[in-house]
Amino acid sequence: MPPSQSLKACQNWWTKYVQMTPPVSWKPQSSSGNFFQMNSTVIRIIRADVLPRFAEFLSRHGLPQLQMEAAWVLTNIAASDYTLLVAECGAVPRLVELLRSPNANIRHQAIWCLGNIAADLPSCRDILFDHGVVTPLLSQFRDDMKIPVLRTAMWALSNICFGKLPAEVQVKPILEIVSQLIHSADEKILADACWTVYYICGGVDDAIQDVLDAGVCPQLVNLLMHASASVLLPVIMALARISAGDDAQVQVLIENGILNCLAQMLARNYPKNIKKQACLIVSNIATGNKEQIQAVIDASIISPLVVLLRTSESDIKEEAAWALSNAASSASSEQIQYLVSRGCLEPLCSVLSCKDHDLVYTCLEGLENILQAGEVGKKGEESGTNPYAQFILECGGLDKLEDLQDVNSDRIYELAMKLLQSYWEEEVSGSDDPDVPGSNDSADTVETKPEDAAQPPEPASGADDAE
């Protein structure tokens with residue numbers, strides 16, 4: 001299941017910086033002296049058609065004070081609803097040029113303005129790319145940078161990386177900077193560095209391998225234990241995108257210990273959006289090979305997932321359902337036995353009532369794999385019955401399977417019919433229409449509330465108890 005592709009809404013509160021203080025060379029004034037606090041003032045300036053004039057002032061290299069004043073004015077307007085006007089008034093090439101200014105304060109102000117422009121529409125970022133903003137911006141990252149300037153530069157770079165990056169933009173130089181700054185002790189720098197990784201993973205083809213090659217994965221996993229939610233959110237979002245890679249790329253996450261961290265996050269009191277992403281990562285890992293499913297089992301993640309699927313809010317339940325369904329779909333017989341022993345059957349049956357057809361189908365595939373494993377296990381049962389099929393019957397899963405005949409999905413209907421006819425032929429034959437599964441009126445049906453249903457007996461094959 002692919003991770004979410006947009007996080008704009010999560011960042012609206014900090015994407016643009018309004019310059020609440022005058023330029024560095026000015027003396028501090030009271031807030032009432034800052035005329036850009038009133039949006040009407042910005043509108044009057046725009047109506048006066050002076051933006052091109054301010055843009056022209058940026059090229060007065062012999063008058064650095066004037067350059068500073070003009071850049072400050074444009075920075076504030078770019079933080080308003082009229083960013084596009086700043087991007088189109090001729091200021092962008094001059095701001096990019098100012099990144100090479102010998103005056104550190106002017107460079108800082110130019111970075112700030114460019115960051116606000118990048119934070120707006122994709123068309124604004126396109127204008128920045130057209131004027132080659134990336135290379136001169138990366139040149140600002142120096143060992144002797146002051147923390148406030150480094151914060152602004154990292155924030156601006158993250159805004160530029162938001163969305164689909166042009167093919168000509170080379171991400172490796174960006175990742176070289178990021179690979180250093182994800183070790184920063186400053187939370188704002190750290191958070192923006194992690195957002196940049198997240199954006200690159202979603203905005204560049206084949207970027208996941210570039211990210212792994214940059215060596216950021218071990219530190220990203222370490223940051224899962226960071227105390228700040230402002231850091232933890234971009235970290236886990238970035239890791240979620242990496243977890244959507246191929247089996248070899250996912251294996252890098254496993255080898256760096258991500259599953260042990262996720263087990264703690266799923267079992268403890270973390271914010272909902274964090275737990276949702278943690279479930280998503282487990283779900284992506286569980287779509288891998290049997291060794292990777294075993295790694296999920298060995299990390300003691302199954303039981304927390306079952307608890308979340310039973311008790312959490314609907315969106316977390318859905319992600320937990322994906323994780324368990326994906327694991328059940330490809331698990332070996334021994335792994336199936338373990339999943340069932342941890343109580344996954346009853347909550348998986350509850351997923352059959354979900355409105356997400358893709359999830360329901362994946363859950364059906366998981367139940368099919370479980371039932372196939374039960375056919376092997378029934379050889380050790382005195383009754384000769386499939387223990388997993390019996391438990392699904394007892395916990396109301398058969399009724400939910402029969403209800404799927406009304407779902408507007410041919411593939412769901414066909415797979416549900418296949419399971420009904422393969423494992424509950426006697427119950428299905430009691431239907432009025434022998435070709436369509438109906439309600440189960442068989443006297444042999446045991447009606448049991450899901451929460452009261454006992455766990456099915458374990459098949460005779462035996463599996464290692466990993467938890």
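Helix α7 is largely enclosed by the rest of the structure, because 13 of its 15 residues are buried. Buried here means under 20% relative accessible area, with exposed set at over 50% and partly exposed in between (1.4 Å probe, protein chains only). The helix covers residues 104-118, and its end C-alpha atoms are 21 Å apart, which agrees with the 21 Å that 15 residues should span at 1.5 Å a residue. That expected span is 1.5 Å times one less than the number of residues. At the start of α7, a side-chain oxygen of Asn103 comes to within 2.9 Å of the backbone nitrogen of Asn105. This is a polar contact, taken as a pair of N or O atoms within 3.5 Å; within protein, one must be able to donate a hydrogen and the other to accept it, and residues adjacent in sequence count only if both atoms are side-chain atoms.

The model is a predicted one, so local features need pLDDT of at least 70 and side-chain atom pairs count only at pLDDT 80 or more, while totals for chains, interfaces and linings use all residues. Residues are numbered from 1 along each chain as its sequence is written, and side-chain values use heavy atoms, with hydrogens and water left out.

Stepping back to the protein chain, there are 28 helices and zero strands. Both are DSSP runs numbered from the N terminus, with helices being H or I of at least four residues and strands E of at least two. Of the 467 residues in the chain, 54% are buried. Among contacts with a separation of 6 or more, 73% come from residues 24 or more positions apart, a contact being heavy atoms within 4.5 Å.

Next come the aromatic rings. Six aromatic pairs turn up when rings of Phe, Tyr and Trp (its six-membered ring) count as paired with centres within 6.5 Å; planes under 30 degrees apart are stacked, over 60 edge-to-face and the rest tilted. Trp195 and Tyr198 make one of these pairs, and it is edge-to-face because the planes stand at 75°, with the ring centres 5.9 Å apart. Both sit in helix α12 (residues 187-203), three residues apart, or about one helical turn. In general, an α-helix has 3.6 residues a turn, so residues three or four places apart point the same way. Trp195 is buried at 4% relative accessible area, and Tyr198 is buried too, at 1%. Tyr198 also pairs with Tyr199, this time in a tilted arrangement, with planes at 55° and centres 5.7 Å apart. Tyr199 is likewise buried, at 4%. Together with Phe162, the residues Trp195, Tyr198 and Tyr199 form a cluster linked by ring pairs.

Arg241 lies over the face of Tyr198, 3.8 Å from the ring centre. For a charge to sit over a ring, NZ of Lys or CZ of Arg must be within 6 Å of the ring centre and within 35 degrees of the ring normal. The charged end of Arg411 does this with Tyr361, at 4.4 Å from the centre of the ring.

A salt bridge joins it to Asp358, with the closest N and O atoms 2.6 Å apart. Arg411 belongs to helix α27 (residues 410-423) and Asp358 to helix α24 (residues 357-377), so the pair ties together parts that are 53 residues apart in sequence. Arg411 is partly exposed at 37%, and so is Asp358 at 43%.

The structure holds eight salt bridges, each a side-chain nitrogen of Lys or Arg within 4 Å of a carboxyl oxygen of Asp or Glu. Another of them joins Arg310 and Glu346 at 3.4 Å, N to O. Arg310 lies in helix α20 (residues 302-311) and Glu346 in helix α23 (residues 345-351), so parts 36 residues apart in sequence are tied together. Arg310 is partly exposed at 42%, whereas Glu346 is buried at 14%. Elsewhere, Glu56 and Arg60 meet at 3.0 Å, N to O. Glu56 is partly exposed at 26%, as is Arg60 at 29%. Arg53 belongs to the network of salt bridges that links Glu56 and Arg60.

Gln277 is buried, at 9% relative accessibility. Leaving aside residues up to four places away in sequence, Gln277 touches Ile236, Met237 and Ala240.
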